[in-house]
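Please open the model in your viewer and keep the selection panel at hand.

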Amino acid sequence: MLPGKNAVIVGSGDIGLIMARRLRWSGVEVKAVVEIMPYPSGLTRNIVQCLNDFGIPLYLEHGVVNIAGRERVQSVDVAPLEGGIPQLDRQFRIDCDTVLFSVGLIPENELSAQLGVELNPATGGAVVDANLQTSVPGVFAGGNVLHVHDLVDFVSEESTEAGCSIVRYLGGLLESDANPVSVESNLKYVIPNRFNRNRKCTFSFRPLIVSDAATLEAELNGRVIWKRKFTWIKPAEMLKIELSAEQLNESGTLVFRLREEA
């Protein structure tokens, strides 16, 4: 059952982009996708395959400032943003009968909250150690319940890792250190939030910048132990790296930084 015949989508995350294509396939005309950020929130491939291939316009740094209609939606007013403030003197109207909001995707953690699991305000998911175990012993988290992923491949990898940790836990073989992991410049969060000494560990990050020249570095107890240059960084694409047991050879505090190059 179609919601309408002419739609405007608010938010350019992957779900909103995929819904734009799905609506077009179903016979709904998608008039526009409106995004408040100066860059798309979804993967480049979804911008190409879901918008460009269908001629659907994407308005970056724009916001919907009014939705008109009584019995149902008749139109929306869209305005460009400068410093987050709508420029109402430059607003324009798009006729439509449907507005689809695809914004603010966060992990589903009602069960975690009921169990008393400590939640990470940066991700909306659980705080986990290197084994993906939460603050409640025996409760593990992985995939989109831990942090929102852009690729299902990463969800599968993380879930497999959590499953292996569960096997070790049930066998009484799970080891967990309390060495903290944190992020500083240009990174929103890191997963996991703890690391084990002398054990390799995979870390996932969400960058806060769009850049074609940036260096990610890891610092353990004030000493740089790893760095890598990236030629393409954007918030829509998660970063994943692995540090070896040799690099994580001492207890302490591990800090990651993303430096934008000139």
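How many cavities of 30 Å³ or more does a search of the whole structure find? The search finds one. A cavity here is a set of points, on a 1 Å grid over the protein atoms alone, where a 1.4 Å probe fits but cannot get out. This is a predicted model, in which local features need pLDDT of at least 70, side-chain atom pairs count only at pLDDT 80 or more, and totals for chains, interfaces and linings use all residues. Residues are numbered from 1 along each chain as its sequence is written, and side-chain values use heavy atoms, with hydrogens and water left out.

Select L132, E158, E161, I191, P192, T202, S204 and K240, which line the largest cavity; lining residues have an atom within 4 Å of a point. The space inside is about 50 Å³, a volume being the space filled by probe spheres set on the points. Colour the lining by type: three residues are nonpolar, two polar and three charged.

Next, display α4 (152-170) and β12 (201-207), each of which supplies at least two lining residues. Helices (H or I, at least four residues) and strands (E, at least two) are DSSP runs, numbered from the N terminus.

Then show the open three-stranded sheet, ordered β10-β12-β15 with antiparallel pairing; two strands pair if DSSP finds at least two bridges between them. At its edges lie β10 (187-191) and β15 (239-243), each pairing on one side only.

Finally, zoom in on β12 and β15, which are joined by five bridges. Here S204 has K240 of β15 as its bridge partner, and both residues also line the largest cavity.

Notes: 1 Å grid on protein atoms, 1.4 Å probe; cavity = no way out; pocket = protein on both sides within 12 Å on 5 of 7 lines; lining within 4 Å. Nonpolar A, V, L, I, M, F, W, Y, C, P; charged D, E, K, R; others polar.
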